[in-house]
Amino acid sequence: MSALNWQKSSYSSESANCLYLAAAPDRSIKLRESDDPDVIITTTPDKLRAFLRGVRAGEFDHLAG
């Protein structure tokens, strides 16, 4: 597997708890957190797009707090 080009979220500060994303050669999207970088979640661009739309629409607000 080729090395991935991880990009840090612009919402992450210089402290811990940063979210990183990378586009893999197989067109999947990889996500990891700086606290545990060996744990990588794999998704598709369409599923990530749907998730982000749900977040923006407040569909998961009941889970926060």
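Start by colouring the protein chain by secondary structure: there are 1 helix and 4 strands. Helices (H or I, at least four residues) and strands (E, at least two) are DSSP runs, numbered from the N terminus. Along the sequence they follow the pattern β-β-β-β-α. What you are looking at is a predicted model, in which local features need pLDDT of at least 70 and side-chain atom pairs count only at pLDDT 80 or more, while totals for chains, interfaces and linings use all residues. Residues are numbered from 1 along each chain as its sequence is written, and side-chain values use heavy atoms, with hydrogens and water left out.

Zoom out for a moment. The C-alpha atoms fill a box of roughly 40 × 30 × 20 Å along the principal axes. Of the 65 residues, 20% count as buried; buried means under 20% relative accessible area, exposed means over 50%, and partly exposed lies in between (1.4 Å probe, protein chains only).

**Stop 1**

In general, strands of a sheet pair through backbone hydrogen bonds, either parallel or antiparallel.

Now pick strand 1 (residues 7-8) and strand 2 (residues 19-23), which are joined by 2 bridges. Between strand 2 and strand 3 (residues 29-33) there are 5 bridges.

**Stop 2**

Move to the loop between strand 2 and strand 3, where you will find Arg-27. This hairpin has 5 residues between its strands. Arg-27 has a phi near 75°, a positive value in a residue other than glycine. Most residues other than glycine have a negative phi. With a relative accessible area of 67%, Arg-27 is exposed.

**Stop 1: a patch of negative charge**

Select Glu-33, Asp-35, Asp-36 and Asp-38, which gather in a negative patch on the surface. Patches are made of residues with over 30% relative accessible area and no salt bridge, joining like charges within 9 Å and nonpolar side chains (Val, Leu, Ile, Met, Phe, Trp, Tyr) within 5 Å. Asp-36 sits in the loop between strand 3 and strand 4 (40-43). Is Asp-36 exposed, partly exposed or buried? Its relative accessibility is 40%, so Asp-36 counts as partly exposed.

**Stop 2: the helix**

Next, show the side chains of helix 1 (residues 45-56), including Leu-52. Look for Asp-46 and Arg-49, which form a salt bridge with their closest N and O atoms 2.7 Å apart. A salt bridge is a side-chain nitrogen of Lys or Arg within 4 Å of a carboxyl oxygen of Asp or Glu. A search of the whole structure finds 1 salt bridge. Asp-46 and Arg-49 are 3 residues apart in helix 1, which means about one helical turn separates them. Asp-46 is exposed at 56% relative accessibility, while Arg-49 is partly exposed at 39%.

**Last stop: a nonpolar patch**

Finally, select Phe-51, Leu-52, Val-55, Phe-60 and Leu-63: together they make a nonpolar surface patch of about 440 Å². Leu-52 is partly exposed, with 34% relative accessibility.

Key:
Pairing = 2+ DSSP bridges. Areas by Shrake-Rupley, 256 points an atom, 1.4 Å probe, with all protein chains shown as cover. Lys, Arg positive; Asp, Glu negative; His and termini not counted. Charge placed at Lys NZ, Arg CZ, Asp CG, Glu CD.
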